[in-house]
Amino acid sequence: MAFRFNFAIEENESTEPGGHGEADSQLDPPKHEQSADGAAACSPRLGTAKHAGKGLSENKLCFPGAREHHVPEDVSKVLEKKVLETVSDLRYVNVSVVEMMCRDGTHGEDIVSKSVSAHSDLIPGVYEGGLKIWECTFDLLEYLAEADLQLANKAVLDLGCGAGLLGIAALRGKAGKVHFQDYNSTVIDEITLPNVVANCVNDGNGTGGGDSRKIDKPPSKRPRKAECSPDALSKCRFFSGEWSEVSRLLLSSNPPCSKYDVILTSETIYNPDYYGALHDTLSQLLDKNGRVYLASKAHYFGVGGGTYLFEKFVEERKVFRISTVKELDKGLKRFIMEMAFKDSS
Ligand SMILES: C[S@@+](CC[C@H](N)C(=O)[O-])C[C@H]1O[C@@H](n2cnc3c(N)ncnc32)[C@H](O)[C@@H]1O
């Protein structure tokens, strides 16, 4: 089955000034067909004008505070009622099944029914898109492999992780620790954590040796070629919340969390209203000689952000140097950008 990414803007909705109405006519749905054995179809719809373009400040939203999500002792619970699929040799939970289970409104944030009723995969300040796997994740996965980026023993953050495939790839690369952050706690509980568990356990019977947590029998459709190291799960921590809040939580922990050698982030610069918080988070959490790898589309119609705007923002702040390390031209241009502190080695 193929991955389908369909970005749709509702008709007649994007005509307000600054609402990028003029861009709607250019909105060819950039469908990305990713051959993915057994992968479920997933179709992120990028914010209706009703919601999109209005960030945290403009909407005067009360965004969620940050919190850490602990891995349960019995990790088999995390995979209960989940259906596993495989893409790019990584396991992930079928999102439609999760959405079906979470549609009853009994899950705290209730992001599934809100996203369904808003016909949108982004509701700024409420739901930031983490239930779906967005296509630039695959660009960055490909880049990490091509560039043969050495992650062994590195401290890695998958920022705005959603499914967490980038962090899982880092675990496969033998990273020393991998932290996952998503805006929505439902995403961490129902998607990220199950995906990490699904990739950290051996096929069928156990934790892979090094981890003391027990798993009865994870669902398994097919064997994998590559495995996470046996103790991979114990290297992981999971956080939900808005970026500034997550930074504050990490920096105020006792002892404070050490900085990250590598921050991986995909499709997180669509909303210019978040650039300040994102930039500050990167500058607070990246090690002085660390690197950020950011995957993004050139422009997000209907929301307004994209690589050009973000690059300009970063240059004006004069904290990081930023450069393009890979350009993909698949209808709409997509980029992998590298960031490092200006005074780094
Ligand atoms: C479009 S999703 C991309 C998910 C994933 N990286 C991917 O490529 O599939 C954007 C992600 O950025 C994060 N995000 C966006 N704005 C945020 C904010 N203001 N604070 C914290 N996280 C935010 C959310 O966690 C969300 O999952």
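Biologist: Which strand is Gln 181 found in?

Modeller: Gln 181 sits in β7, residues 177-182. Strands here are DSSP runs of E with at least two residues, and helices are runs of H or I with at least four, both numbered from the N terminus. Before we go on: this is a predicted model, where local features need pLDDT of at least 70, side-chain atom pairs count only at pLDDT 80 or more, and totals for chains, interfaces and linings use all residues. Residues are numbered from 1 along each chain as its sequence is written, and side-chain values use heavy atoms, with hydrogens and water left out.

Biologist: Why is Gln 181 called buried?

Modeller: Because its relative accessibility is 2%, and buried means under 20% (exposed is over 50%, partly exposed in between; 1.4 Å probe, protein chains only). By that cut-off, 57% of the 345 residues of the protein count as buried.

Biologist: What makes the pair Gln 181 and Trp 243 a polar contact?

Modeller: Their side chains come to 3.1 Å. The cut-off is a pair of N or O atoms within 3.5 Å; within protein, one must be able to donate a hydrogen and the other to accept it, and residues adjacent in sequence count only if both atoms are side-chain atoms. So 3.1 Å passes. Beyond four places in sequence, Gln 181 is also in contact (heavy atoms within 4.5 Å) with residues including Leu 157, Gly 160 and Phe 239.

Biologist: How do you know that β6 and β7 pair?

Modeller: DSSP has to find at least two bridges between two strands, and 5 join β6 (residues 155-159) to β7, so the parallel pair qualifies.

Biologist: What is the strand order of the open sheet?

Modeller: The 8 strands go β3-β8-β7-β6-β9-β10-β12-β11, with mixed pairing.

Biologist: And what makes β3 and β11 edge strands?

Modeller: Each of them, β3 (67-69) and β11 (320-330), pairs on one side only.

Biologist: What makes Thr 137 one of the closest residues to the ligand?

Modeller: A polar side-chain atom of Thr 137 lies 2.7 Å from a ligand oxygen. Ser 266 has a polar side-chain atom at 2.7 Å from a ligand oxygen as well. The protein covers 100% of the 580 Å² of accessible area that the ligand has on its own (Shrake-Rupley method, 1.4 Å probe; for residues, only the protein chains shown count as cover).
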